Every structure is written in C-alpha cells, then in structure tokens.
Amino acid sequence: IILEGIERLSIFIAVLVMMIAWELISPRRQLKQPRLQRWLANLGLSVLSTLLLRFTIATAAILSATYAGSHGWGILNLINLPSGLAFILGIVLLDLAIYGQHRASHQWSWLWRLHKVHHTDLELDVSSAIRFHPIEILLSMCYKSICILIIGVSPVAVIIFEIILSSCALFNHSNVKLSLALDKVLRLVLVTPDMHRVHHSVIQAETDSNYGFSISVWDRLFGSYIDQPKQGHEKMIIGLSQYQKVDDVALSRLLLMPFKG
C-alpha cells in the first residue's frame, strides 16, 4: 500500500508539472486573479484533505477492493467474466459512480454546502483540481469504498482508476489551449478543459451541467451535456455569483463555508 501511494503521488506530481508548464506556454484564457493567492488557498485545502485522510481512512478503497475479492462480494465477483473485461468494467462503472456522486453534490443541498467550495474559485486552472473541502474528500472516500464493494472492483483496477481520475481532473481543470478540432475529437471520449470549464460558469444552468470527470459519455447519456458556454470561453465569468470577491474565498472562509447559512 505504501509503494502504491508513492507511485500514485509520483504520477500526480508529474502530470501536475506538465499541466503547469502547458498553461504557461499556451493558456486558454488570460487570468485576472492573482495566481499566488488562489494557489495558496487551493493547496491549503489539499494539504488539509490529505492529512484528514491519512489519519482516518486513506486506504479504505484498496482495503474494500481486497475484501470484496477475497469474500466474493460485488457484481463483478458474482458473474463469470474474462479478467480483462472485468477490469475494464470495474473502471467504467466506478467512473459512472463518480458522475452520480458529482451530480448529487449539486442537487442535494447538504452535499452542495460542501461541494460549492470547489466552485468558488474565481478562475480555473490546474490548481482548481485540488480545491475541495476536506469533509467532502472524506465523504467521497466513504462513498467510493461502498461502490467498490457493490461493484466488486479489483485492487489493481482501483489503483488504475485513481490514477486516471486524478490525471483527468488535472487535465480538464487546466487553463490550456487545444485546437477546436482536437477538442471536438477528444471530448467524444474524454472530458476536455473546454467541456469542463462550462461546469464552472457563474450561470446556474451551466454550473448544473457537464458533471463528468474522466469519461464524457455520461453527460450525453443522462442529458446533462452543454457544448459551449453562452458567453464564450474568454469572456465567461468563473465561480458563483454570491462569492465574487477575493475576501469571500480566503482559506479560513472556505473551511467554514459549509457551516454557514
């Protein structure tokens, strides 16, 4: 488990550095908010989330997968499928579960109290991918572990899924420029930065769309897909209308935000 954690962290850092470099070389939007101030808040939330998991249920997903396999729990352990197909299905079904969680986080008010912290970022770049309230991260791990038990995902598939999920989150939150032709092709399968940026629009209908993190098909399949923002990618306003001041989204206020009316 320790080696698996080190490998995942190494891949995460490598993708993070690559996306930062890409943003500097070819940005999609000219960001108006100071990068340092935002990054300190986003990094602060990430560090607190990591510490909370480390001292509670950091290994819950892997332990759930191991338990499911050894006890024959979960759908994929109850049906006789080729190992390769079961592996792929495990990853796809977990991604669908994350789509469902994300959509519920917008539609259920008690989950939205936590999730809106992610949406209060006044710009969108690679650092936004780690901007989540620590309690939301904790609940997400609990939910994911339950889904792993229900589906019967193998430990290896869980590790690969986590790597894919974190890498895709860094990619689709990034402020990077892709040609329209390439974006059109990529988003047939993957969530692209332009596709996910719509989800961070200040316009409510756009905020409540494009919930996918990795696989883009779920939004089309379940009717939550919006192709482009009404105001265009360069002019669209990022964030939530009630939190458009820098002071409103300081780290201390973000931590207390879910507990205020």
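A contact here means that heavy atoms lie within 4.5 Å of each other. With that in hand, welcome to this protein: among its contacts between residues at least 6 apart in sequence, 76% join residues at least 24 apart. Please keep in mind that this is a predicted model, where local features need pLDDT of at least 70, side-chain atom pairs count only at pLDDT 80 or more, and totals for chains, interfaces and linings use all residues. Residues are numbered from 1 along each chain as its sequence is written, and side-chain values use heavy atoms, with hydrogens and water left out.

**Overall build**

- The protein has 14 helices and zero strands, where helices (H or I, at least four residues) and strands (E, at least two) are DSSP runs numbered from the N terminus.
- The radius of gyration is 18 Å, close to the 18 Å that the globule rule gives for 261 residues, so the protein is as compact as a globular protein of that length. This radius is taken over C-alpha atoms, and the rule is 2.2 Å times the number of residues to the power 0.38.
- Along the principal axes, the C-alpha atoms fill a box of roughly 55 × 40 × 35 Å.

**Surface and charge**

- Of the 261 residues, 46% count as buried; that means under 20% relative accessible area, while exposed means over 50% and partly exposed is in between (1.4 Å probe, protein chains only).
- The accessible surface comes to about 13,000 Å², and 70% of it belongs to carbon and sulfur atoms. Such areas come from the Shrake-Rupley method with a 1.4 Å probe; for residues, only the protein chains shown count as cover.
- There are 22 positive and 18 negative side chains, with the centres of the two sets 5 Å apart. Lys and Arg count as positive and Asp and Glu as negative, leaving out His and the chain ends; each charge is placed at NZ of Lys, CZ of Arg, CG of Asp or CD of Glu.

**A largely enclosed helix**

- Eight of the 11 residues of helix α6 (residues 109–119) are buried, so this helix is largely enclosed by the rest of the structure.
- Among the buried residues of α6 are W112, H115 and H119.
- The buried residues of α6 pack against several helices, including α2 (35–54), α5 (83–107) and α7 (134–151).

**Cysteines**

- The count of disulfides, pairs of cysteine sulfur atoms within 2.5 Å, is zero.
- C142 is partly exposed at 36% relative accessibility, and its sulfur is 11 Å from the closest cysteine sulfur, in C147, too far for a bond.
- C168 is buried, with a relative accessible area of 12%; its sulfur is 18 Å from the closest cysteine sulfur, in C147, again too far for a bond.
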